[in-house]
Structures are given as C-alpha cells and as structure tokens.
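Hi,

Here is the model I promised to pass on.

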Amino acid sequence: MTDTNDTRSRIPLGLAQRGYIGVIQHLSAGDAGSALSDIELESRLIELGFVEGARVEVLHEGLVGRDPIAVRVDNITIAIRRREAMAIIVA
Amino acid sequence: MEAPLLHLALVGTPNSGKTSLFNALTGSRQKVANYPGVTVERKEGFFVTPLGRQVSVVDLPGTYSLRGRSPDEEITRDFVLGKASGETVPDLVLCVADSTNLRLTIRLLLELKRTGRPMILVLNMFDIASRRGITVDVERLAKELGVPVVTSIAVRKSGTADLLALTDEISAKLAAEPRENSWRALSVAELRATQREADRIIADCVSLPARPDTWTARIDAVVLHPVGGLIVLAAILFVMFQAVFAWAQPLMDLLNNGFDALGEFVHATLPAGLLQSFLQNGVISGVGSVIVFLPQIIIIFLFILLLEDFGYMARAAFLMDRIMGGAGLHGRAFIPLLSSFACAIPGIMATRVIDNKRDRLTTILIAPLMTCSARIPVYTLIISAFIPARDVWGFINLQGLVMFGLYAAGITSALLVSFLIKFFMLRDYAPAPFMLELPDYKMPRLKSIAIGVYTRAKMFLHRAGTTIFSMMVLIWFLASFPQPPAGATEPAIDFSLAAIIGKALEPLLAPVGFNWQIAVALIPGMAAREVAVAALGTVYAIEGGKEAAEQIGQVLATKWSLATAMSMLAWYIFAPQCASTLAVIRRETGSWTWMAVTFFYMLVLAYAASLLTYNVAVALGAG
C-alpha cells in the first residue's frame with residue numbers, strides 16, 4: 001500500500017498520546033504481545049473497525065499508566081489497552 | 001385459515017438498540033429463560049402484525065460477527081444457522097443497526113447474508129441519525145445489499161409501523177424454496193474484504209456530516225477524565241447505595257407491617273393449632289421476610305439498567321480496568337461485581353460479557369463475596385440488636401459504620417482472593433485484551449427500563465414463591481415435629497427434629513460461638529441467605545410464642561452474647577450460604593469442581609473469620 005502521509009513517521013497506536021490524530025496504515029498483530037493469537041487479535045480489531053485507512057483519534061487515557069485509551073475510529077469510540085493498540089500502526 | 005406462528009430473530013452488534021426494539025415490538029409479552037445447557041439468557045416475545053399474523057421474536061445476544069468467541073455469540077450463530085438444539089430456524093432475521101453507526105453492522109449483515117436466511121435490515125434510531133445530519137439513501141442501500149431495508153425509531157410509538165408492514169409483506173411471500181447456506185468462518189483476509197465492501201456501500205449510500213455527537217464528547221470530557229471520572233463513579237455508587245438503603249426503607253416498613261398485620265389476622269381468625277402455626281409462622285412470616293426485599297432489588301436493578309441504557313456501564317469498565325487489573329481482574333468484571341451487590345446470581349450470569357475464560361472464572365469465584373442484598377436483613381437484624389445507635393467522633397453513626405465495615409470486608413477479601421488466584425493458580429496468565437465499544441450516550445427510555453425492572457422483580461418473586469416457600473415449609477415442619485409429649489414443660493421446639501439436627505451440629509459450631517438455634521437456622525439459610533432470619537424467627541417463635549416472633553431482635557439480644565453476634569456477622573461475610581449461587585456457578589463454569597472449590601474456600605474463610613472474631617471478642621470480655 002502506498003503511504004499518502006510521508007511527512008509523518010509511523011508509530012504504533014499504543015504509543016500515541018492523548019490528542020493524537022492519524023490514519024491507520026496497517027495491522028501488525030505479531031508486534032502486540034497480546035494474550036490473543038495473531039489471527040484472533042487481527043480479526044477482533046477489524047470487527048471493531050480498525051482497518052487500513054480509518055481515521056483514529058486518541059480521546060482519553062486511563063489514570064494508571066495512561067491505560068487503557070479511548071480511541072475514536074471514524075465515527076465510533078473504542079476502549080482498548082495500549083498492549084493491543086501496539087498492533088495498530090498509524091501515521 | 002390460521003397462518004402458522006412466524007418466527008423472527010433479532011441480530012445486531014452490541015449497542016444497536018436491539019433490546020429497545022424488542023421491547024417496543026413485544027411490550028411486556030416476554031418470556032425470559034435460558035438456552036438448554038448454557039446460562040445464556042433467552043428472551044422471546046410475542047406480537048401480532050397489522051394483518052393479524054401471530055409472531056414470535058427472539059432477541060439474540062449482540063455480536064460483531066458469527067465467529068462465536070463466547071457462549072453468547074455461539075448461541076447467535078447456531079440460532080441463525082438453525083443448529084441450536086430445540087430451536088426453530090427463524091423464518092426471518094431482523095438485522096438491527098444503529099443508524100448513526102452503520103459500518104460494523106453492514107459488515108455483520110454481509111456475513112449474515114451467506115447463511116441464506118431471509119433478512120431485513122432495520123435502521124434503528126433513525127431519528128437520532130437524522131438529527132445529526134446523517135442521510136441514508138434507503139432504496140439504494142437495499143439494492144446494493146440485496147436485502148430489504150426499513151427505518152425504525154424504537155423509542156417512538158409509531159416508530160415500528162414500517163417494520164411491521166414490511167414483515168407482513170415479506171412473510172406473505174416467504175417461499176418454501178430451499179435456501180443455500182454458504183456460511184463458514186471467515187479468514188482474516190475475507191473479514192478485511194467484507195469490511196472494505198461494507199465501507200464502499202456506505203460511501204455510496206450514506207452521507208456523514210463531520211459532526212460527531214457533541215453531547216457525548218462533552219459528557220466524556222468529565223466522565224472519562226482520569227481523576228474526575230473516578231470521582232463521578234464514586235459519587236454514582238454512593239447515591240446508588242444510599243438509595244438502596246434509605247429510599248427503600250419506607251416501602252420495606254410498609255411491606256413488613258402488611259405481613260405482620262396479615263399474620264395477626266390469621267392468628268386471630270384461626271383456632272390455635274397446627275394450621276394457625278403453619279400459616280403464621282411458616283408461610284406468612286417466612287415468605288414475608290423475603291418479599292420485604294423487593295424494593296431494594298427493584299432499586300438496584302433500576303440503577304443498573306438506567307446506567308446501562310444511558311451508556312455509562314462501558315465507561316465504568318474503562319475507568320476501572322487498570323485499577324482492577326492490579327488485583328488480577330478484567331475491566332469488564334466491574335459490571336458483574338457491581339450487580340453482585342444486588343445478588344450474586346445475576347452478577348455471575350453477567351460474567352458472560354468477559355470472553356476470556358480465566359478472567360471469567362476469577363470473577364465468578366469472587367462474586368459471592370460481594371455483599372448481596374440477601375445479607376442485608378441478617379446484618380440489619382444483628383446490628384440493630386447488638387450495636388448501640390450512638391455517634392462516634394460526633395457525626396458518624398456507629399451502626400452505619402459497622403455496616404460499612406462489613407461491606408468493606410467483603411470487597412477487600414474479594415480483591416485478596418482474586419490476587420491469590422492470579423498468584424497461585426493461574427500463574428502462566430497473560431492479561432486478556434480489553435476492547436469495548438463506548439457507545440454514544442442515549443436518553444434511557446422509561447418504558448424499556450420499566451419492562452426490564454418488571455422482568456427481574458418477577459423472577460425474584462417467582463423464587464420467593466417457590467424455593468423459599470418450600471424451604472419455609474420444611475423448616476416449619478422440622479421445628480414443629482415431633483410434637484412434645486403431653487405434660488412436657490420445656491418449649492415444644494426442644495423435642496423437634498430441628499433441635500435434634502441443631503444439637504448434632506452444635507459441637508462443630510460451638511468453637512465459633514453458635515448455639516443450636518443458629519445451627520438450625522443456617523440449614524434453610526442455604527436455600528437463600530435471608531431465610532436464616534425467618535428461620536431464626538420461626539425457631540424462636542415456636543420456642544417462645546408469638547411475642548418472640550415479633551421482637552426477634554430483642555430476643556436475640558437476650559439469648560446471644562455480643563461475641564456470638566459478632567461471630568455471626570463474620571460468618572455471613574464469607575459463608576457459602578446460598579444453594580442457588582452454587583448452582584449457578586456449577587452451570588456457568590460447567591464443572592462441579594469449581595462449585596466445590598467455591599464452597600470450600602468460602603466455608604474455610606467463614607469458619608476461620610468466625611473463630612477469630614469469637615475468640616478475640618471473648619478475650620475482650622464480650623463473651
């Protein structure tokens with residue numbers, strides 16, 4: 001896939017700060033270290049709307065370790081732990 | 001000619017407004033039961049279409065796909081595929097979508113289409129979407145999807161008229177032609193392709209203004225604030241418990257007086273004898289002492305349903321996730337544990353929202369330690385009899401303080417047990433993911449809430465009328481037979497089976513300061529905790545006559561030492577005194593082992609806590 005957003009570096013969503021706005025570049029379930037298998041994690045992320053090209057915005061963070069995060073994915077809000085959000089590469 | 005019953009099934013993602021549509025269609029004509037073999041709630045309702053067709057509709061558990069990751073989602077999949085045992089294949093599937101959020105539902109619908117079942121897409125909450133400036137080309141959407149599409153507003157009276165008309169139209173021409181089921185579990189690539197397809201269709205048929213729900217954003221700015229959010233959560237919980245204890249009181253007094261008056265009436269009308277004793281001591285005081293809790297049950301469910309409908313429950317899970325994670329619990333465990341303050345049974349059933357097996361098991365094991373409403377009568381009775389109602393430090397009521405201490409002891413021990421389970425039993429455990437949709441806030445709809453509360457109250461009364469009633473009859477029987485021999489001077493109960501059983505158990509319970517009357521009361525207390533109060537009442541009533549039954553608190557104050565009372569309180573924090581809870585654990589975990597584990601760990605904790613409390617109290621001179 002071509003990256004239309006060359007000026008920004010790609011980071012995992014799991015490292016994004018509150019207020020971050022970006023676009024999903026790809027999913028990389030192997031990088032997340034989640035308890036789920038790669039296939040299961042990727043399936044669940046897709047089912048919640050985390051697909052390539054979706055616009056994401058980090059709206060809120062939890063108190064302990066700024067975790068979990070509340071992410072606006074297009075027009076819905078999903079709560080997710082940073083550990084799983086590491087699988088979502090954004091720019 | 002009468003047309004056969006038409007079977008509909010409601011399928012949709014969580015938060016699609018499926019349940020409010022279900023309530024709007026069926027009103028109170030609902031049957032709540034369980035699917036055979038699993039404790040997934042099966043909600044079926046009935047209605048009649050404008051053309052007079054009788055319809056049965058089943059509200060299936062919410063799901064994002066047909067993969068079946070949890071028992072709930074498996075039910076939805078099997079039901080739609082016609083594989084659920086003992087269920088009719090639905091004639092027509094209603095796929096319910098939140099009109100403000102079509103992406104996930106359209107993808108689910110594309111997957112559902114492969115099952116070959118006749119289907120309608122219901123664009124629910126269409127009014128909210130219109131208000132936000134979302135426009136949907138319904139005709140084009142129907143053409144692109146190859147499925148009839150209808151809009152609905154479940155919360156408005158005539159909001160389902162189009163849906164009903166379309167149901168009539170389609171059901172009239174439902175052909176008996178065989179349907180091809182080409183569904184199989186999707187691979188990741190197929191899943192992605194379906195989502196792309198869904199996004200393409202939405203781009204063609206729906207215009208979305210870049211105007212998110214500002215109310216939700218504004219409320220979340222406070223409610224999801226890392227610190228402010230926790231303060232709001234604490235305040236909500238405080239109001240909730242205040243309501244359960246304070247608001248319910250007048251109603252409970254009213255019910256109490258009602259049952260007392262009824263008992264008096266029976267006492268005065270019937271000649272003294274077995275029948276009078278049975279009705280007054282067995283039936284009325286026994287069942288009455290349980291029904292008195294109806295106001296509290298209603299209030300706690302009212303709060304839980306309101307918060308859920310409003311959209312707050314998911315936020316509470318978000319706020320508590322990491323905090324509970326410290327004790328080895330999942331954020332989603334918050335809702336089941338909160339429900340367990342009303343009753344561990346709905347709490348344990350609510351653990352179905354946790355899809356990781358181990359997280360779910362931990363939550364199930366500790367849920368009975370939350371102070372359920374059935375413990376309240378036991379606590380209140382003992383506290384009011386033994387703890388003086390004076391203020392400490394000028395403003396805190398001592399009785400209230402003890403009550404708070406009992407709640408705190410329950411919560412603390414639950415967290416401790418969870419921590420120990422995580423540490424010793426599930427060592428190789430990696431935290432399960434927490435992924436949850438935070439729905440836009442919605443004004444809860446009164447009728448839908450009322451139906452929900454009504455269903456719960458009915459279940460509670462049903463239990464009071466069956467399990468608890470039969471237990472009260474049993475305890476009355478045990479306490480009344482055999483009858484004392486003629487000329488006996490001791491109280492009649494000393495000759496009864498209850499006394500024999502109680503005295504046999506006494507040596508076991510003597511070290512914790514329990515007398516045989518308590519031992520007798522604990523046995524029916526297994527049916528339901530609160531029954532112990534009634535059983536104590538029955539035992540002392542038959543022992544001491546009518547006055548004793550009315551003044552059970554005062555009787556206890558003269559018959560028990562303070563140490564015994566404290567020991568009884570400690571016992572009730574932990575004791576596995578509820579057969580229904582154990583039965584639910586057996587069903588939910590599918591294993592006798594986990595039920596036994598729960599029973600024994602709680603029993604050991606209860607005995608140890610009582611032993612410690614009793615001996616410390618005696619040593620301090622309260623014996």
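Strand 2 (residues 21–27) of chain A pairs with strand 3 of chain A in the antiparallel sense, over three bridges. As for terms, strands (E, at least two residues) and helices (H or I, at least four) are DSSP runs, numbered from the N terminus, and two strands pair if DSSP finds at least two bridges between them. Within that pair, Ile21(A) has Glu57(A) of strand 3 of chain A as its bridge partner.

Before I go on, some housekeeping. This is a predicted model, where local features need pLDDT of at least 70 and side-chain atom pairs count only at pLDDT 80 or more, while totals for chains, interfaces and linings use all residues. Residues are numbered from 1 along each chain as its sequence is written, with chains lettered from A and ligands numbered from 1 in the order in which they are written.

Back to the sheet: which strands belong to it, and in what order? It is an open sheet of seven strands, ordered 1(A)-6(A)-2(A)-3(A)-4(A)-5(A)-12(B), with antiparallel pairing. Strand 1 (11–12) of chain A and strand 12 of chain B stand at the edges with a single partner strand each, so one side of each has no neighbour in the sheet. Helix 12 (residues 312–325) of chain B packs on the sheet, where it touches strand 4 (69–73) and strand 5 of chain A as well as strand 12 of chain B. The direction of helix 12 of chain B makes about 150 degrees with that of strand 12 of chain B; angles run from 0 to 180 degrees between N-to-C directions, and axes are lines fitted to C-alpha atoms, for helices over the stretch in contact.

**Where the chains meet**

Strand 5 of chain A and strand 12 (residues 435–437) of chain B run antiparallel and are joined by three bridges. Ile78(A) has Glu437(B) as its bridge partner there.

The contact as a whole takes 31 residues from chain A and 32 residues from chain B. Two residues are in contact if their C-beta atoms, placed from the backbone, lie within 7 Å. On the side of chain A that touches chain B, the elements giving two or more residues are helix 1 (38–47), strand 3 (55–61) and strand 5 (76–80) of chain A. Helix 1 of chain A gives the largest share, six residues. By class, that side of chain A has 15 nonpolar, eight polar and eight charged residues (Ala, Val, Leu, Ile, Met, Phe, Trp, Tyr, Cys and Pro count as nonpolar, Asp, Glu, Lys and Arg as charged, and the others, Gly among them, as polar).

**Chain A overall**

Chain A has two helices and six strands, which run β-β-α-β-β-β-α-β from the N terminus on. Its C-alpha trace spans about 35 × 30 × 25 Å along the principal axes. Of its 91 residues, 47% count as buried, a label that takes 20 or more other C-beta atoms within 10 Å of a residue's own; 12 or fewer make a residue exposed, and in between it is partly exposed, with C-beta atoms placed from the backbone.

**Chain B**

There are 26 helices and 12 strands in chain B, and its C-alpha atoms fill a box of roughly 90 × 60 × 45 Å along the principal axes. Of the 623 residues of chain B, 47% count as buried.

Strand 1 (residues 6–12) of chain B is mostly covered, with five of its seven residues buried. Five bridges join this strand to strand 4 (residues 54–59) of chain B in parallel, and Leu8(B) stands opposite Val57(B). Strand 1 of chain B also pairs with strand 5 (residues 92–98) of chain B, again parallel and over five bridges, with Cys95(B) as the bridge partner of Val11(B).

Further along, helix 25 (residues 579–589) and helix 26 (residues 592–619) of chain B have axes that come within 7 Å and cross at roughly 145 degrees. Their contact has six nonpolar, two polar and one charged residues.

Is Val604(B) buried or exposed? Val604(B) is found in helix 26 of chain B and counts as exposed, because it has 12 C-beta neighbours inside 10 Å. Val604(B) and Phe574(B) are 30 residues apart in sequence, and 8.6 Å apart in space from C-alpha to C-alpha.

Cheers
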